[in-house]
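Hi there,

Here is the structure I promised to pass on to you. Have a look through it first, and then read my notes below.

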Amino acid sequence: MDVFEVADALVTHAVKHYGEAIDLIGYYGSYAQGKATEYSDLDVFYTPAEGQNPPINRTFLLEGREFDFWAISWKQLEEFAMGSSRGWSVAPALVYHTHLLYARSEEQVARLTKIQQSIRDLQSPEARPQMLKRALERYAFVWNDVGRVRLAVLSNDLANVRHAAWSVVASVCECLALINQTFLNRGYSNLREEVAQFTLRPKEIEKRLEVIATSSDLETVANMAEQLALETRQILLHQQKTLVSQEDAHTVFESVYPELRGMLDKVRSACKRNDPVGASTAVWAIQTEIAQMLSSLQPGKGDATFHLYSEVSEYYRALNFPDVLSLDFGDLAEAAQGIERLDSVLRAWLEEQAISLQEFSSLEALRLTLSAT
């Protein structure tokens with residue numbers, strides 16, 4: 001059977017009855033990439049004209065082979081290209097490899113070409129910081145999936161564990177695809193060969209995938225998933241440190257001392273009312289805030305959602321800011337002294353950077369400042 005004869009029948013019927021309601025008809029997948037096998041199905045889609053919804057979508061079997069003919073709107077094509085829908089690791093391939101069977105006019109062809117170009121733009125060196133940022137944000141899903149793996153181990157159910165482990169793999173692949181600025185051309189159906197294209201990848205990723213697929217030992221499968229998660233994190237951490245910061249101290253800290261002073265006062269208040277939990281959480285907030293701001297001045301800006309605190313606070317510690325968070329909050333006198341040291345060091349550093357503390361000794365001094373602006 002010639003699958004393109006089937007495609008021609010679908011296109012002929014659609015154009016004859018609903019031609020003005022259809023902007024594009026195309027196909028993607030293994031046939032579009034020249035990698036079809038005897039088991040390959042033909043994926044055909046149509047893009048309705050704006051505001052149109054022709055009733056032509058269908059999925060069917062012909063001589064045992066699957067055919068999909070489904071609607072993809074212009075908005076969905078754009079989202080697939082960006083990876084904002086269905087993920088960057090798999091969705092862009094649909095748009096990137098589209099071969100047209102019909103276009104209502106050259107205007108629609110140009111619109112599709114522009115969307116395809118947006119994929120190439122995200123693969124450019126200029127897009128690297130943006131794609132790395134997306135990879136770091138996406139990594140939160142990896143740890144969520146690792147947690148599900150550990151929960152699944154407690155169930156003593158191999159299907160549970162392997163299901164959760166493959167979720168880890170999918171999230172890892174998304175991060176790797178983003179950091180490599182490429183995608184899986186054939187999705188997960190040929191995964192070992194697809195991940196081999198990643199320049200940045202865990203060294204033994206193919207081996208770990210095979211163990212997840214074949215091992216019947218729950219702990220072994222779980223360990224492989226965790227190793228992939230940790231190894232991927234190391235890759236992202238290293239790449240993140242290669243980015244040059246675009247921030248400077250004045251941009252980050254200008255006019256913020258009054259707000260930071262308010263956070264410091266929350267610690268003082270908690271210590272005064274003998275509230276160790278309140279004091280500790282307030283210290284957590286202020287120390288994290290200052291460490292995060294200082295980190296933004298360095299190459300590879302720290303991100304509290306991705307990094308351990310020790311990674312975010314490297315510059316904080318290098319500048320000898322006091323580690324109040326590690327104090328014994330059973331002794332609130334010590335915590336109170338620590339917060340005074342932190343305030344003192346912070347004020348001194350800001351003054352050293354010639355950053356105003358925005359402090360006024362009197363209402364008259366404030367009035368003078370206001371009148372000068």
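Helices (H or I, at least four residues) and strands (E, at least two) are DSSP runs, numbered from the N terminus. This is a predicted model, where local features need pLDDT of at least 70 and side-chain atom pairs count only at pLDDT 80 or more, while totals for chains, interfaces and linings use all residues. Residues are numbered from 1 along each chain as its sequence is written, and side-chain values use heavy atoms, with hydrogens and water left out.

Let's start with one residue. Arg233 belongs to helix α9 (residues 218-240). Is Arg233 buried or exposed? Arg233 is buried, with a relative accessible area of 8% (buried means under 20%, exposed over 50%, partly exposed in between, with a 1.4 Å probe and protein chains only). Leaving aside neighbours within four places in sequence, Arg233 is in contact (heavy atoms within 4.5 Å) with Tyr139, Trp143, Phe306, His307, Leu308 and Glu311.

Next, the sheet. Its five strands form an open sheet in the order β3-β4-β2-β1-β5, with mixed pairing (two strands pair if DSSP finds at least two bridges between them). At the edges stand β3 (58-62) and β5 (99-103), each with a single partner strand, so one side of each has no neighbour in the sheet. β3 pairs with strand β4 (residues 65-71) in the antiparallel sense over five bridges, and Leu61 stands opposite Glu66 in β4. Helix α2 (residues 74-82) packs on the sheet and touches β1, β2 and β4.

Now for two helix pairs. Helix α6 (residues 158-180) and helix α8 (residues 205-214) pack at an angle of about 155 degrees, with axes 10 Å apart (axes are lines fitted to C-alpha atoms, for helices over the stretch in contact, and angles run from 0 to 180 degrees between N-to-C directions). α6 and α8 are therefore roughly antiparallel to each other (over 145 degrees; under 35 is roughly parallel, 65 to 115 roughly perpendicular and the rest oblique).

Helix α12 (residues 276-295) and helix α15 (residues 332-352) have axes that come within 11 Å and cross at roughly 20 degrees. α12 and α15 are therefore roughly parallel to each other. Residues in this contact include Val283 and Ile286 of α12 and Leu342 and Trp349 of α15. By class, the contact of α12 with α15 has eleven nonpolar, no polar and no charged residues (Ala, Val, Leu, Ile, Met, Phe, Trp, Tyr, Cys and Pro count as nonpolar, Asp, Glu, Lys and Arg as charged, and the others, Gly among them, as polar).

Enjoy exploring!
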